[in-house]
Amino acid sequence: MALIERPATRDGGLVPAVVTPSSSYGVFRRPVETKGWKSWLFTIDHKKLGIMYGVTAIFFFFLGGFEALLIRAQLATNEGTILSADKYNQMFTMHATTMVFLFVMPMAAAFANYFVPLQIGARDVAFPRINAFGFWCFLFGAIFINTSWFLGGAADGGWFMYAPNSSVPFSPTSGIDFWTLGLQITGIASLTGAINLIVTVINMRAPGMSLMKMPIFTWMILIVQFLLLFAIPVITVALFLLMFQRNFDATFFSVEAGADPLLWQHLFWIFGHPEVYILILPSFGIVSEVLPVFSKKPLFGYPLVVFSGAAIGFVGWGVWAHHMFASGLGPISVAVFSVATMAIAIPTGVKIVNWIMTMWGGKLVFTTAMLFAIGLIVQFTIGGLSGVTHAVAPSDTQQTDTYYIVAHFHYVLFGGAVLGIFSGLYYWWPKMFGKLLNETLGKWNFWLMIIGMNLTFGPMHIIGLQGQPRRMYQTTDARAGEGFFNLNFWNLVASIGSLILGIGAFLFVINVFYSHRKNGPAPLDPWDARSLEWMTASPPKEHNFDAIPTVHHLDEFFHRKYEDRGEGEHHEYHQVATAEDVLAEQEANADKHIHLPSPSYWPIVLAFGLPVMAYGVIYNIWLIVVGGAIVMAAMYGWGLEPATATPDDYDPPTPEGGAELEVAHG
Amino acid sequence: MADTAVHAATDHGHDDHGTHHTTTGLSNNKLAMWLFLGSECLLFGGLISTYMLYRGRHSENLGPDQLWDIPFTSASSFVLLMSSLTMVLAVTAAKRRDDRNTSLWLTVTAMLGALFVAGQIYEFTVFYREGLGFTTSLFSSSFYTLTGFHGVHVTVGVIMLLSVVGILMKRRTGEDKSELVEMVGLYWHFVDIVWILIFTLVYLIPA
C-alpha cells in the first residue's frame, strides 16, 4: 500500500496522483498506468469497465439492428431476394443472439458495474480483477461468435437452437459450434459478474444502508444476479450436451438413437424463462429511478416494488414450459404452467401501478429520460397484455411460431428492456461523462423510436394472427390474403417502420457526438436526483467518494438537500443545500487513506485463452492445449500476484506500493 | 477464484491484514465461494437429470446391471469421503496457524483425491474394454458426461489443494492463510457431497 503525496488543491478534496510505472521488470511489471490505452486495457476500475461494457454493447445493438433491417428488407417485397433462405436463417438467429446476449445483457452489466458501487457508497466491486475478467470474456466470446460469419456461416437454428434441428445433419456448417462455444464464454462473464455483484451488494454497502434503504436499481440488479447465478449453469449443461452431440458424436438429441428432443427444450427454457426477467428487470430498476426524479416524488410503494421484483424472480422459475405448450406436454403440465404464467402478471402489474402512482400528482418534467421511462410503461403493458394471451394455452397453440409471438416479445423486450436502457443512458449520461445529451435530438430520438417500433411490431400482431409463420423467409402473393388483412401490405408497413426505428436509434449516436462537441460541462445535479450516485463529482473520481457517506434514509441524497418542515403525516420539503454544498462537505471530510486495487494483466490474458480453446474444439485439438496452457499460466500469475501493486511497480518506488491516495488539504 | 477483497467498504487506515470490514461481517471470499457452489448445484442438477432420463436407454448387455462393480466403486467412494475428513483436519490446522500440519493434511487430501480420480480412470478403462464407449448409447454418453464432469471437478480440486501447499511453502510462515484453506475446503466438501448423490443415484439404485 502506497501513500502518494499529492499537491494540495485549492478547493480541498482528493485528486488522483500522477504515477509513473517502473520499467525495471519489462513486460512483467504491473501495468499501473493511469493514462493512455494501457489504463483501459488492464483496468479493473468498475467505472471504466462499465463504460467498456456499454460501448461494446451499443456496438452490438447496431450490429443486431443491421441484421434486423436485412430481415425486414427481405420481407418488404413479395418474394424478396436480398437474402437466401440459408442466409436468412443465419440472420434471424444472429439477430436474436446478438440482441439478447451481446446487447441487453451486457448493457445491464454496464449500468450495474458503473452504478451499483456508486449507489451503495462503495469504492469498487468486491472482486475488481474478476470484474475485468468478466468483461474480456464477454468481448472475446462476442467476437468469437461473430467470426463465424467469415468462417463458413453463422449459426442458423434460431436463438433457442431447438434440437435435433441444431445437430450436424441439419446444420452442417460450424455456425452452431461457434454459437455453443461462444455462449459458454459469455456465460462465464455472466456467472462471475453475478457472484461479484451479489457479494458487492450484500457486503459492501455504506454504513447505515440497510437492504430496504438501497436504491431500487441496485435491488433489481441484485435480483437479476441471483437469476443469472442459477440460470447460467442450466444453459451451460445444455450447451455442453449440444457440443458433445455436434463435435464428439454423442446422441443426446438424436431421435433415431432413442433420445428425447424435449430434453433440450426443458433445459433451454429453464434457463430461457428466467433469462427473460434477466433482460427486463434492470430496465424496471432504471425507470423506477427515473420516474420519481422527474415526478418530484418518492417512488410510490418502494417495498412493494422491491418485493414484486423478488416475486417475479421466484415465479419466473416456474413458468418455463409455457414456451412448450405446443410440444405435447400433457394436460396437467399445460394447466399448471398456464396458471403460473398468469400469476406472474400480478407482480408485474403491481410494478406498473406503482409507477403510475409515482407520477400521479407529481410535478412531471418531460425530459428525454422521462419520456423513455413513460414509453416503457405504455409499450411494456401492451406486450404484457399479449403475453397473457399466450398464457392461455388454447389460444397459445394458435399463436405458437407465428408473428404474433414476434410482436409480443418485441413489445416486452424492445418496448421494455431497450426503452429502459435508453432512459438510463439519457438519465445517467451527465454522471458518466460530465456532459448532458441534447434534449431536442433526444426527443427526436425518442419519438422516432416509438413511432418506428409501433409501426414495426404493431402490424406483426395482425400478420401473426393471420398465420404468417415466424421464420418464413419469403412472402408470396398467393398466400397474402386480401383487403385489410393483406399480409404483404402489413409486411411492408413493418419494414418501413423498422427503417424509422433504425434512424431513430442512430440519432442517439449522433446526439452523443453532437453533445460532446457543443455542450459545456453538465451541472453537478442536473435532474435534482435522489440517490447516492449523484453525491459524487461528474464523472466520479477514481475512488468514487472522498468520504464514504453514512446513510440515514432511502433517497439519501434527496434528504441531504431537502429538509422536511411539515408536521405529522404532512410533508413539506424545503431545499437546504445544493449538490455542490453536499459535495463540498464530503470533500472537507475526505477519508485519510483510500485503498484502491491495482490494474492487472491477468484478467485479459486469462480471458484470451478461452476463445483459443474454443477454436481448438472446432478446428484442431492442439489449440485446446495451447489455450489451456494460457489459461493455466494466467491463473497462476493471477493467484500469485498481490491484489495491490508492490513498491517496485512504480518509478520511483513508492514507500508501500499500491494506489493509495492521501488527503491533500490542510 | 481467490481474489483478495478490495479495502473499500469503509476506511480503516492501513488495513493489510486480511481483516476486511464488510456489511454483514461475512468474508467476501467465502460468500463468493458459497454463491459459486450454489450455481454448481444447478450444473450438476442438469447433468444428473440428463442421466436419470437416459439411464435405461442402452442395449441389452451393456447397462448398469452388467457393468457396475459396486465393491470397487464403494472403495473409491470411501477414499473420497475420507478426504473430506483430512480436509477438515487441514482447516483446523490452518486456523491454529500450524503451517506444517496444514500442508501435511492438504497433501494427504490431494493424494486421496488423486487416488479417487485414478480409480475413476481405471473404471472408465474397464467399461471401455467391455464395449461401453462415449457414443455407444444414450446411457453411456450421459454416464460419462456426468461422472466426467465430476472427475474434472475433483481434478481441479487436487490442483487447488497442491497450489495452496505451494503457497504455504513459499510465503512467510505465520501469516493467516486459514481463509484460503477454508475456501478450498468448501469446494472440496461440495465435490464430495455431489459424489454421494451420484454414487446413490447412478450406482446404488437399481436401474
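## Close-up views of a predicted two-chain model

**View 1. A salt bridge joins Arg246(A) and Asp177(A).** The side chains of these two residues meet with 2.7 Å from N to O. This is a predicted model, and that holds for every view below. Follow the chain between the partners and you will find them 69 residues apart, in distant parts of the chain. Arg246(A) belongs to helix H6 of chain A, while Asp177(A) belongs to helix H5 of chain A. Side chains of opposite charge can pair when their charged atoms come close. Over all chains, the structure holds 15 salt bridges.

**View 2. Chain A and chain B meet in a contact that takes 54 residues from chain A and 47 residues from chain B.** The size of an interface is often given as the accessible area lost when the parts come together. Here the area buried between chain A and chain B is about 4200 Å², and carbon and sulfur atoms give 66% of that area. Across this interface there are 11 residue pairs in polar contact, with both residues at pLDDT 80 or more. The count of salt bridges between chain A and chain B, in contrast, is zero.

View 3. The largest share, 10 residues, comes from H6(A). Sorted by kind, the residues on this side are 38 nonpolar, six polar and 10 charged.

**View 4. A nonpolar surface patch is found on chain B.** Its members are Phe78(B), Leu81(B), Met82(B), Leu85(B), Leu89(B) and Ile196(B), and the patch covers about 510 Å². Helix H3 of chain B, residues 70-95, gives the largest share of the patch, five residues. Leu85(B) is one of the patch residues, and it is found in this helix H3.

**View 5. A cis peptide bond runs from Ala163(A) to Pro164(A).** Its omega is near 0°. To find the place, look at the loop between H4 and H5 of chain A, where Pro164(A) sits.

**View 6. Ser538(A) and Pro539(A) are also joined by a cis peptide bond.** Omega is about -10° for this bond. Pro539(A) is in the loop between helix H15 (487-518) and helix H16 (556-561) of chain A.

**View 7. Asp249(A) has a positive phi, although it is a residue other than glycine.** The value is near 65°. Asp249(A) lies in the loop between H6 and H7 of chain A.

Methods
Residues numbered from 1 in each chain as written. Chains lettered and ligands numbered in written order. Predicted model: local features only at pLDDT ≥ 70, side-chain atom pairs only at ≥ 80, totals over all residues. Heavy atoms only, no water. Contact = heavy atoms within 4.5 Å. Buried area = accessible area lost by both parts, 1.4 Å probe. Salt bridge = Lys/Arg side-chain N within 4 Å of Asp/Glu carboxyl O. Polar contact = N/O pair within 3.5 Å; in protein donor to acceptor, adjacent residues only side chain to side chain. Helix = DSSP H or I, 4+ residues; strand = E, 2+ residues; numbered from the N terminus. Nonpolar A, V, L, I, M, F, W, Y, C, P; charged D, E, K, R; others polar. Patch = residues over 30% accessible without salt bridge, like charges linked within 9 Å, V, L, I, M, F, W, Y side chains within 5 Å. Areas by Shrake-Rupley, 256 points an atom, 1.4 Å probe, with all protein chains shown as cover.
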